[in-house]
Amino acid sequence: MKQLEVQIMGQNYMLGCPENSDIRLLEAVHTVDSAMCQIRDAGKVKARDRIAVLAALNLAYQLLEPAPAPAPAPEQATDAPDAASQASQAQLKALLERLDTALASPNPAH
């Protein structure tokens, strides 16, 4: 396993890193470092261990927060089509009928 030396809130750490995971680990380090520095810079907490616990809780909360539900597709939004949808369907039906009529009539010679 590869070893990476990183710095979190000004302190050096040697971390084991699986092969081909350097970038992902460095992104995680950056996320933790940013979270801890924000808490420290707010000035309310000074102890490094308390800052680490608060940062871990904040990050865990963000991970566990449910993702917003995707918006339903327009055709699934309601069971009954609204007036605008019915008008659009009527226009589409009329256009299709005109197209069928035009395709059915014999082409004039050019």
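Helices (H or I, at least four residues) and strands (E, at least two) are DSSP runs, numbered from the N terminus. On that basis, the place of Val-45 is in the loop between α1 and α2. This is a predicted model, in which local features need pLDDT of at least 70 and side-chain atom pairs count only at pLDDT 80 or more, while totals for chains, interfaces and linings use all residues. Residues are numbered from 1 along each chain as its sequence is written, and side-chain values use heavy atoms, with hydrogens and water left out.

**Overall make-up**

- The protein contains three helices and two strands, arranged along the sequence in the pattern β-β-α-α-α.
- Of its 110 residues, 15% count as buried; buried means under 20% relative accessible area, exposed means over 50%, and partly exposed lies in between (1.4 Å probe, protein chains only).
- Contact means heavy atoms within 4.5 Å. Among the contacts with a separation of 6 or more, 26% are between residues 24 or more positions apart.
- The protein exposes about 9400 Å², of which carbon and sulfur atoms supply 59%; accessible areas come from the Shrake-Rupley method with a 1.4 Å probe, and for residues only the protein chains shown count as cover.

**Nonpolar core**

- A nonpolar core is a set of buried Ala, Val, Leu, Ile, Met, Phe, Trp, Tyr and Cys residues joined through side-chain atoms within 4.5 Å.
- The largest such core has 15 residues, and Met-9, Met-36 and Ile-51 touch the most other members.
- At least two residues of this core come from each of β1 (2–8), α1 (22–42) and α2 (48–64), and α1 gives the most, with six residues.
- Beyond its neighbours within four places in sequence, Ile-51 is in contact with Met-9, Met-36, Ile-39, Arg-40, Val-45 and Lys-46.
- Val-45 is counted as buried because its relative accessibility is 15%. Leaving aside neighbours within four places in sequence, Val-45 is in contact with Ile-39, Arg-40, Arg-50, Ile-51 and Leu-54.

**Helix α1**

- The 21 residues of α1 should span 30 Å at 1.5 Å a residue, and the end C-alpha atoms are 30 Å apart, which agrees; the expected span is 1.5 Å times one less than the number of residues.
- The buried residues of α1 are Asp-22, Leu-25, Val-29, Ala-35, Met-36, Cys-37 and Ile-39.
- The cover over these buried residues includes β1, β2 and α2.
- An α-helix has 3.6 residues a turn, so residues three or four places apart point the same way.

**Salt bridges**

- A salt bridge is a side-chain nitrogen of Lys or Arg within 4 Å of a carboxyl oxygen of Asp or Glu. By this rule, the count comes to two.
- In one of them, Asp-22 pairs with Lys-2, with the closest N and O atoms 2.4 Å apart. Asp-22 lies in helix α1 and Lys-2 in strand β1, so the pair ties together parts that are 20 residues apart in sequence.
- Asp-22 is buried, with a relative accessible area of 19%, whereas Lys-2 is partly exposed, at 34%.
- Arg-40 and Asp-41 also meet in a salt bridge through their side chains, at 3.0 Å from N to O. Arg-40 counts as partly exposed at 34% relative accessibility, and Asp-41 counts as exposed at 56%.

**Positive phi angles**

- Met-9, found in the loop between β1 and β2 (11–17), has a phi near 50°, a positive value in a residue other than glycine. Met-9 is buried, with a relative accessible area of 9%.
- Asn-20 also has a positive phi, of about 60°, although it is not a glycine. Asn-20 is placed in the loop between β2 and α1 and counts as exposed at 78% relative accessibility.

**Nonpolar surface patch**

- Val-53, Leu-54 and Leu-57 make a nonpolar surface patch of about 260 Å². Patches are made of residues with over 30% relative accessible area and no salt bridge, where like charges are joined within 9 Å and nonpolar side chains (Val, Leu, Ile, Met, Phe, Trp, Tyr) within 5 Å.
- Leu-54 lies in helix α2 and counts as partly exposed because its relative accessibility is 35%.
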